[in-house]
Amino acid sequence: MASVAVNNEMESSWVYPFGDSYVLYYTVSDRLLVLNPTGKLVWEMLREGYGLEEISSTFAQHFSIPEERALEDIRQIYSEFGDLSIGGDNEGINGVSFPLIARTHNSLETDQRRLEECGTFRFGESLVRVISSVAEVDRSYFSRFHHRSRDNRDVCNSDTLEISLSGRAYQLIFRGGLVGEAGTTAELISLVVKLLLELEHPNAPLLAYSHAGAVSRNGRSLLMPGGSGVGKSTLTAFLVANGFAYLGDDTIAIGENDASLLPLPTCLSIKSGSWGVLEEFYPVLPQLPIVSRYSRVLRYVEPQQNYQSVRAAVAPVAIVFPQYEEGKPTRLTALTPSQTMIRLIGAHARLSTPATQEKLAKLLSFVQHTPGFDINYSDLPSALTAIEELLAAQTHNLQPYME
């Protein structure tokens, strides 16, 4: 029979049942996919060596559809399985979503610069002096930690973190040792984030982390994942201004032992489009420096300056995915665990390395047992009301996924 090449990604993968879907994890590239049963069948046939024409012929007969259409669908799925550099949310057969995490495909040669001082910062009990020659992870990147900066006189007592390019790979060197190498700036930033999270929370093993905001009140925490520009940081800032404690609005880790929320200790980032709405709550905004990152203009507000902040919180009572929609009424929509997992993947969720099948099983159990919701909002007060009602309705369980 005509077969297709089974690459290392297909060979090195784990598949777990998850409700009426399946979660596929690529160990080589650290990628998660959610498949429906039909998508899983395609995956299994590909791994067994069946050719695309054979698979499409089988599907055409089973679903009573033209072979041309079946072949087109199978080729699309195969391209999504085989090319993990695809970004965005892609539709597979039977409407199953295959959200893939976008990578940054920059030229390594263009990032070669002289090492520059980015500052000295405190993460957990560690003083870290940062030097970098990579444009995407420079002084501007570390300005989000300026509330953790320390005087230059502390440099002699600090450990050095060097971020640089060597040959064809970015390198992360900490305390004189190589922490890791990356082929893209996206992978490099992931390495930096993991290191800083581990320094900030040295006694809390990490299960996974996601691009997310997080807040807590009265011992009840809320995880709010989402991509850039969806309204996550604006909603986080408004909740904090209305009595919630701030954990973070950039990257939140989930603790492996108890699903606690462990934030990357960033300042609250308020983008230019929200300055007018939030200035009454954060009067310092107009006086703060303007930072430009990824074509967005923003200001960083120090956590200790205007509101309560905490370094960690218990397991969330809910996972909420914010989405600002101008002119639309605020609505809270319950999600199935599979829908929650798909949205988490879209928010760049990934397992903490070294990834294991046990970690994947724990992450899936955490999602299975933590209620998930979409919140679509156009005005912040109504979003606050919806979230307060949600928190009041949820029963908190410190270790729901450990059973």
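**Notes on the predicted model**

1. Let's start with Lys362: this residue counts as buried, at 15% relative accessibility (buried is under 20% relative accessible area, exposed over 50%, and partly exposed in between, using a 1.4 Å probe and protein chains only). Lys362 forms a salt bridge with Glu358, and their closest N and O atoms are 3.8 Å apart. A salt bridge here is a side-chain nitrogen of Lys or Arg within 4 Å of a carboxyl oxygen of Asp or Glu. Glu358 and Lys362 are four residues apart in helix H11 (residues 357-369), so about one helical turn separates them.

2. A word on the ground rules. This is a predicted model, in which local features need pLDDT of at least 70 and side-chain atom pairs count only at pLDDT 80 or more, while totals for chains, interfaces and linings use all residues. Residues are numbered from 1 along each chain as its sequence is written, and side-chain values use heavy atoms, with hydrogens and water left out.

3. How many salt bridges does a search of the whole structure find? There are 13.

4. Asp73 is partly exposed at 25%, and Arg69 is partly exposed at 49%.

5. Glu325 and Arg331 form another salt bridge, with the closest N and O atoms 3.3 Å apart. Glu325 is partly exposed at 21% relative accessibility; Arg331 is also partly exposed, at 37%.

6. Have a look at H3 (residues 52-63), with its twelve residues: from first C-alpha to last, H3 reaches 16 Å, close to the expected 16 Å (1.5 Å times one less than the number of residues). Its buried residues include Leu52, Ile55 and Phe59. Ser64 follows H3 and has a positive phi, near 55°.

7. Some backbone spots to check by eye. Ala259 is not a glycine, yet has a positive phi of about 60°; this residue lies in the loop between strands E14 (251-255) and E15 (261-263) and is buried at 0% relative accessibility. His348, also not a glycine, has a positive phi of about 65° and is partly exposed at 38%. Thr353 and Pro354 are joined by a cis peptide bond, with omega about -5°, and Pro354 is in the loop between strand E21 (350-351) and H11.

Notes:
Helices (H or I, at least four residues) and strands (E, at least two) are DSSP runs, numbered from the N terminus.
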